[in-house]
Amino acid sequence: MSLVKRKGKPDQSDQIQQTKNRLLKIIQTSGADPQKIILAGKYAMQAVRNPEMYQMALSFAVKNGILTQDQMPKESGIDYKLLANGITAGKLTEELIAEGKL
C-alpha cells in the first residue's frame with residue numbers, strides 16, 4: 001500500500017535518508033547552488049562514460065565551489081570513488097528538490 005502512496009517508489013533505507021539529510025544541511029549552511037551540484041553530478045557521469053571528460057568534471061567542480069583544491073585527487077589517474085560521490089550527490093540533490101526540501 002505504501003508503494004501506491006509513493007507512486008511506485010520503494011521506501012528508502014535509513015542510510016540513504018541520513019545521507020540526504022547531511023547533504024541538505026551542507027547545502028543550506030554552505031549556500032551551495034543545488035543546480036550546480038546536479039550539473040557536477042552529470043559531468044561526473046560523463047567522465048565515467050568518457051574518461052577524456054574527467055579533467056573537465058574536476059575543473060567544473062572546483063570552479064563552482066563543489067570541490068576545493070585540497071579535495072582534488074593527489075594521484076594520477078581517474079578517482080572513480082570521487083566520481084561516484086559526485087553522481088550520488090547530484091541524484092540526491094534532485095530528490096531533495098523533488099521533495100520540496102530545497
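Axes here are lines fitted to C-alpha atoms, for helices over the stretch in contact, and angles run from 0 to 180 degrees between N-to-C directions. Helices are DSSP runs (H or I, at least four residues), numbered from the N terminus. The model is predicted: local features need pLDDT of at least 70 and side-chain atom pairs count only at pLDDT 80 or more, while totals for chains, interfaces and linings use all residues. Residues are numbered from 1 along each chain as its sequence is written, and side-chain values use heavy atoms, with hydrogens and water left out.

**Exercise 1. Describe how H3 packs on H4.**

Step 1. The axes of H3 and H4 come within 8 Å and cross at roughly 165°.

Step 2. Angles over 145 degrees count as roughly antiparallel, under 35 as roughly parallel, 65 to 115 as roughly perpendicular and the rest as oblique. H3 is therefore roughly antiparallel to H4.

Step 3. The crossing is left-handed (the near helix is turned anticlockwise from the far one by less than a right angle).

Step 4. Contact means heavy atoms within 4.5 Å. On the H3 side are Lys 36, Leu 39, Ala 40, Tyr 43, Ala 44 and Ala 47; on the H4 side, Tyr 54, Met 56, Ala 57 and Phe 60.

Step 5. These residues comprise 9 nonpolar, no polar and 1 charged. Ala, Val, Leu, Ile, Met, Phe, Trp, Tyr, Cys and Pro count as nonpolar, Asp, Glu, Lys and Arg as charged, and the others, Gly among them, as polar.

**Exercise 2. Describe how H3 packs on H5.**

Step 1. The axes of H3 (residues 34-49) and H5 (residues 80-98) come within 7 Å, crossing at roughly 140°. H3 is therefore oblique to H5.

Step 2. This crossing of H3 and H5 is also left-handed.

Step 3. Contact residues include Gly 41 and Ala 44 of H3, and Gly 86, Gly 90 and Thr 93 of H5. The contact divides into 11 nonpolar, 5 polar and 2 charged residues.

Definitions and conventions: Helix = DSSP H or I, 4+ residues; strand = E, 2+ residues; numbered from the N terminus.
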